[in-house]
Amino acid sequence: MSKTVFEGDHRHLVDVLTRARAASKLTQTELAERLGKDQTFISIIERGQRRVDVLEFIALARAMDHDPVDLFRKVHDRVSRNLSI
């Protein structure tokens, strides 16, 4: 059984965010602190157990010192043309 509650293209969003955090050389705890959140907030996102809304996506990108538009482009380029929600 999958450990994620969201399937399909959601994994691309998770992968882009996880890679961006790693590229920023931030731990989950460090990123969470920048957002004023607990480490588990980042953990459940990276395990695919929580969806990220657009405002959270922007906050996450900025906290990792990434341009939200550039990160979103990476997600956009990876999702299928037949995206289903």
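Tutor: Val-16 counts as buried because its relative accessibility is 5%, where buried means under 20% relative accessible area, exposed over 50% and partly exposed in between, with a 1.4 Å probe and protein chains only. This is a predicted model, in which local features need pLDDT of at least 70 and side-chain atom pairs count only at pLDDT 80 or more, while totals for chains, interfaces and linings use all residues. Residues are numbered from 1 along each chain as its sequence is written, and side-chain values use heavy atoms, with hydrogens and water left out.

Student: And which residues does Val-16 touch?

Tutor: Leaving aside residues up to four places away in sequence, Val-16 touches Leu-71, Lys-74, Val-75 and Arg-78, a contact being heavy atoms within 4.5 Å.

Student: How many residues apart in sequence are Val-16 and Leu-71?

Tutor: They are 55 residues apart in sequence, and 7.1 Å apart in space from C-alpha to C-alpha.

Student: New topic: how many aromatic pairs does a search of the whole structure find?

Tutor: The search finds one. Phe-57 and Phe-72 form this edge-to-face pair, at 6.1 Å centre to centre with 85° between the planes; rings of Phe, Tyr and Trp (its six-membered ring) pair if their centres lie within 6.5 Å, and planes under 30 degrees apart count as stacked, over 60 as edge-to-face and the rest as tilted.

Student: Is Phe-57 buried or exposed?

Tutor: Phe-57 is buried, with a relative accessible area of 6%, whereas Phe-72 counts as partly exposed at 49% relative accessibility.
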